[in-house]
Amino acid sequence: MGKDTIADIITSIRNADMNKKGMVRIASTNITENIVKKLLREGFIENMRKHRESNKYFLILTLRHRKNRQKPYKRNILNLKQISRPGLRVYSNYQRIPRILGGMGIVILSTSRGIMTDREARLEGIGGEILCYIW
């Protein structure tokens, strides 16, 4: 685990999905919990539970089971892409938040009112830092 927790959770979920793993264990912080709650509500993951192990908390994520999927590296269903990173932060106002696949995917933003999806931010009329795209 590095210093960029968002990159760590995105990479962990992407790798588990490509290798057809059912569960992923990631470190629990406030920002990772909020991002995972958004993924859970949008239907990209199936379940989340908090686990304590020697005074450290972890989130155990159950990924959605995808039937009829053959070559995992060619037919990857869950795509995650980190946008903002520690060396280059990307900000957007609510009018310029990108639409992923015409609204089929989601953009996760960090706003002044917490972690939001692109739809929530447009409804609230606030922009923020674009964390990642998921489709």
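Two strands pair if DSSP finds at least two bridges between them. Helices (H or I, at least four residues) and strands (E, at least two) are DSSP runs, numbered from the N terminus. With those terms in hand, Ile26 stands opposite Leu59 in β3.

This is a predicted model, in which local features need pLDDT of at least 70, side-chain atom pairs count only at pLDDT 80 or more, and totals for chains, interfaces and linings use all residues. Residues are numbered from 1 along each chain as its sequence is written, and side-chain values use heavy atoms, with hydrogens and water left out.

**The chain as a whole**

- The chain has 3 helices and 8 strands.
- Along the sequence, these elements follow the pattern α-β-α-β-β-β-β-β-β-α-β.
- The chain has 135 residues, and 40% of them are buried. Buried means under 20% relative accessible area, exposed means over 50%, and partly exposed lies in between (1.4 Å probe, protein chains only).
- Take the contacts in the chain with a separation of 6 or more: 59% of them come from residues 24 or more positions apart. Contact means heavy atoms within 4.5 Å.

**The three-stranded sheet**

- An open sheet is formed by 3 strands in the order β1-β3-β2, and the pairing is antiparallel.
- Why does one side of β1 and of β2 lack a neighbour in the sheet? β1 (23–27) and β2 (45–53) stand at the edges, and each has a single partner strand, so one side of each is left without a neighbour.
- On average, neighbouring strands of this sheet are turned by 25 degrees against each other, direction ignored. Axes are lines fitted to C-alpha atoms, for helices over the stretch in contact, and angles run from 0 to 180 degrees between N-to-C directions.
- β1 pairs with strand β3 (residues 56–63) in the antiparallel sense, over 5 bridges.
- β2 and β3 also run antiparallel, joined by 8 bridges.
- Glu53 has Lys56 in β3 as its bridge partner.
- β2 and β3 form a hairpin with 2 residues between them. Ser54 sits in that turn and has a positive phi of about 50 degrees.

- Helix α1 (residues 5–18) lies across β1 and β3. Its direction runs at about 170 degrees to β1.
- Helix α2 (residues 30–42) packs on the sheet and touches β1, β2 and β3. The direction of α2 makes about 155 degrees with that of β2.
- How do α1 and α2 pack against each other? Their angle is about 40 degrees, and their axes are 10 Å apart.
- That angle makes α1 oblique to α2. Angles under 35 degrees count as roughly parallel, over 145 as roughly antiparallel, 65 to 115 as roughly perpendicular and the rest as oblique.
- The crossing of α1 and α2 is right-handed. A crossing is left-handed if the near helix is turned anticlockwise from the far one by less than a right angle, and right-handed if clockwise.
- On the α1 side, Thr5, Ile6, Ile9 and Ile13 make the contact. On the α2 side, Ile31, Thr32, Ile35 and Leu39 make it.
- By class, this contact has 6 nonpolar, 2 polar and no charged residues. Ala, Val, Leu, Ile, Met, Phe, Trp, Tyr, Cys and Pro count as nonpolar, Asp, Glu, Lys and Arg as charged, and the others, Gly among them, as polar.

**A second hairpin**

- Strand β6 (residues 106–111) and strand β7 (residues 114–117) pair in the antiparallel sense over 4 bridges.
- Ser110 has Ile115 in β7 as its bridge partner.
- β6 and β7 form a hairpin, with 2 residues between them.

- Is Lys3 buried or exposed? Lys3 is exposed, with a relative accessible area of 85%. Lys3 is found in the segment before α1.
- Lys3 and Pro86 are 83 residues apart along the chain, and their C-alpha atoms are separated by 9.1 Å.
- Thr32 lies in helix α2 and counts as buried, at 1% relative accessibility.
- Leaving aside neighbours within four places in sequence, Thr32 is in contact with Thr5, Ile9, Ala27 and Leu59.
- Cys132 lies in strand β8 (residues 128–134). Cys132 is buried, with a relative accessible area of 1%.
- Not counting residues up to four places away in sequence, Cys132 touches Ile10, Lys81, Gln82, Ile83, Ile106, Val107 and Ile108.
- The C-alpha atoms of Cys132 and Ser84 are separated by 7.1 Å, while the two residues are 48 apart along the chain.
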